[in-house]
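Dear colleague,

Please find below the structure I promised to pass on to you. My notes on it follow directly after.

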Amino acid sequence: MSEKVFASSAFNDNLDSRQRKARIWQTILLACTLLGILVLTMMLVDIIVDGAGWLSPTLFNNNHSRFPEKTGMNSAIYGSIYNVLLTALFCFPLGVAAAIYLEEYAPKSKLTNFINININNLAGVPSIVYGMLGLTVFGRMFGLFAPESPLVNFFNLPVEAGNVGGLKFNLFGIPGLIIHLPFGRSLVAGAMTMSLLILPTVIISSREAIRAVPTSIREAAYGLGATRWQMIRTQVLPVSFPGILTGIILAMGRALGETAPLIIMGAFMYVPFLPRNIWDKFTTMPIQIYNWITLPQPEYNIHLAAAGIIVLLLVLLGMSALAIFLRNKLQVKW
Amino acid sequence: MQAKKSGQSEHSKLLLSEDSRRREGLIAFIFKAAAVLTILVTIGIIVSLLSETIGFFARPEVSLWKFLTGTRWQPLSSKPSPENFGILPLVGGTLLVAGVAALLAVPVGLGTAIFLSEYATEKLRKIIKPVLEILAGVPSVVYGFFAISFITPIIKTVFEGWLGLKVMYFNALSAGLVVGIMIIPMIASVSEDAMRAVPRSLREGAFALGATRFEVAIKVVTPAALSGIVAAFILAISRAIGETMAVSIAAGSTPNMTLNPLKSVQTLTAFIVQVSFGDAAAGSINSQSIYAVGMTLFVMTFVMNLISDLVLRKFREVYE
């Protein structure tokens, strides 16, 4: 029996050849690992060679134009910044609240288990599907407020046509608080779409930050007579805040680089002005870059695209650096 | 505030006052609502996709059977008919790109994971892990640019210049390679986590029997971590299927039933982008068709993610 196993296991008793094989494979495995670094380097060199010469004040100050040398991405830069900030505004409270519930409140139940599986699954849904969700729920609101829809006809609602058309009213009668239903192809619709897209990431990273707070801290707070919310507010949140913040900034970086959901949601290829309010149309840096890549002239599809990518990557790099800085600066070590 | 607090605790001694108990309950309810909202997102996705998909299949120009089995996808033709709404070319294009990506990313990602988990010193890990994270964080539109400006010309030189094969400017190979690069970090990091979770005692047992480091990695650690590794593969391929911008840029927009990676193909995602730029009016057949395609994409990736999640859970049960 044991002889048979021995024979069939292809055991090679030539130690030299086995060690030679091990050395060769070690080199192959190292090569696999270094491929990532190699590709990253090639990519950066390719982009810098193509685009560095086109970095100029014009690129930052102007908008897209028929003349490559006068073309810039001003409205795209601002559109991206507004969009990402609004996204964080929507996503932060929601994500952190869900994370607090799952870490501090949730009982071991079927519902909790289901929520966990669901969040994992949401994190794997393709971003383009979120674009379709945003288009349907925020952008069009299932057509409920389209002209001649049953709802509009029944209540005789005064709907307007246009980019952000539909029903327009002042919330609580306050003059500045204008609401459009549906949200249309607006900045606010884009930001809401993005906030749903990054929500799973924010929840997962916030949970990790909250989980890192030692149980002894919680028990000490309870021991002093704190209620659960007092314990969370005065102990858990302050201590886990740097971790939560880092997670949010990294998620904002992801939102900044995403293109597809906003295209589906209805962001514009070309917007010659800055958004004046959250109901305005907008474009973002990745969309502007995509637009240039698809144009036939090499000035656009090589040089300006690469220059735009340099700007985008610099902003992303800045955000990552900020996240790392905050983590190191504020982190509590146990 | 301070005075009120101490007054309150004096008043209620150990028990909470009615007020603070109500407040505690309200806060707990708000947090729970936020967590339950994540379920609403999933429901929202399904309802959104279904709302227009149903409308799409209710049309006389479309048939569900022909949609699932048809081999011609020409939805923008002037006379829509069921023959022109066969999803297979898009699914084929998607799988071709994902297949090329997997051919690159599975061996390289697994090799990276084995190296990081079994060979690399702590110092080397500290350099390589961040590089992989950066690689995973580069926006997809940047990969698209890299594909079209760097990889495609190389493919043209090699296959057309040296081998004399016909290469289209937009081709599945370039898109597949660049998507492969995008998913290497995911395969590497998920597989590495699985390998590091394999107990040390298994490795030491093998070393004691005289195995080389490579033999330990391949014959002991990899089989022990296999379900985690498989989960990583499935997850990464699902990601490749859902990848949009790089594929739209590099693979083109010609629905093609082909296995030839040197030809242009259109993926499910690329079609959705193409129609979205065309500004299709809500309720039109074009606008509805992207929902049917989106539904197909969602179902494919959802099933793969679910399988991967289940496999990973099983794996964790074994070692934790």
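B:Arg22 and B:Glu18 both belong to helix H2 of chain B (residues 18-58), where they sit 4 residues apart, about one turn of the helix. Please bear in mind throughout that this is a predicted model. The two residues form a salt bridge, and their closest N and O atoms are 3.8 Å apart. B:Arg22 is exposed, its relative accessible area being 53%, whereas B:Glu18 counts as partly exposed at 49% relative accessibility. Since exposed means over 50%, the two residues fall on either side of that cut-off.

Further salt bridges

Over all chains, the structure holds 19 salt bridges.

In chain B, B:Glu118 forms a salt bridge with B:Arg203, with 2.9 Å between the closest N and O atoms. B:Glu118 lies in helix H4 (residues 88-119) and B:Arg203 in helix H8 (residues 200-208) of chain B, so this pair ties together parts that are 85 residues apart in sequence. Both B:Glu118 and B:Arg203 are buried.

Chain B also contains a network of salt bridges, which links B:Glu122, B:Arg125, B:Lys129, B:Glu192 and B:Arg196.

In chain A, the side chains of A:Arg254 and A:Glu258 meet in a salt bridge, at 3.5 Å from N to O. A:Arg254 counts as partly exposed, with 35% relative accessibility. A:Glu258, by contrast, counts as buried at 14%.

A buried threonine in chain A

Where is A:Thr259 placed in chain A? A:Thr259 is in the loop between helix H10 (228-257) and helix H11 (260-265). This threonine is buried, with a relative accessible area of 1%. Leaving aside residues up to four places away in sequence, A:Thr259 touches A:Pro286 and A:Ile287, as well as B:Val141 and B:Met245. The contacts of A:Thr259 therefore include residues of chain A and of chain B, with heavy atoms within 4.5 Å.

Backbone angles in a loop of chain A

Most residues other than glycine have a negative phi. A:Met141 is not a glycine, yet has a positive phi of about 45°. A:Phe142, also not a glycine, has a positive phi of about 55°. A:Met141 is found in the loop between helix H6 (127-139) and helix H7 (150-155) of chain A, and A:Phe142 is found in the loop between H6 and H7 as well. Is A:Met141 buried or exposed? At 14% relative accessibility, A:Met141 counts as buried. A:Phe142 counts as partly exposed, at 40%.

Chain B as a whole

Chain B has 13 helices and 0 strands. The radius of gyration of chain B is 26 Å, well over the 20 Å that the globule rule gives for 320 residues, so chain B is more spread out than a compact globule. Taken along the principal axes, its C-alpha atoms fill a box of roughly 85 × 65 × 35 Å. Of the 320 residues in chain B, 51% are buried. Where contacts in chain B join residues at least 6 apart in sequence, 69% of them are between residues at least 24 apart. Chain B exposes about 14600 Å², and carbon and sulfur atoms supply 67% of that area. Chain B carries 27 positive and 20 negative charges, whose mean positions are 1 Å apart.

Chain A as a whole

The secondary structure of chain A comes to 13 helices and 2 strands. Chain A has a radius of gyration of 26 Å, while a compact globule of 334 residues would have one near 20 Å. The C-alpha atoms of chain A fill a box of roughly 90 × 65 × 45 Å along the principal axes. Buried residues account for 49% of the 334 residues of chain A. Among contacts in chain A with a separation of 6 or more, 67% are between residues 24 or more positions apart. The accessible surface of chain A is about 16100 Å², with 65% belonging to carbon and sulfur atoms. The 23 positive and 15 negative side chains of chain A form two sets, whose centres lie 6 Å apart.

With kind regards

Notes. Residues numbered from 1 in each chain as written. Chains lettered and ligands numbered in written order. Predicted model: local features only at pLDDT ≥ 70, side-chain atom pairs only at ≥ 80, totals over all residues. Heavy atoms only, no water. Rg over C-alpha atoms; globule rule 2.2 N^0.38 Å. Buried < 20%, exposed > 50% of the residue type's maximum accessible area, 1.4 Å probe, protein only. Areas by Shrake-Rupley, 256 points an atom, 1.4 Å probe, with all protein chains shown as cover. Lys, Arg positive; Asp, Glu negative; His and termini not counted. Charge placed at Lys NZ, Arg CZ, Asp CG, Glu CD. Salt bridge = Lys/Arg side-chain N within 4 Å of Asp/Glu carboxyl O.
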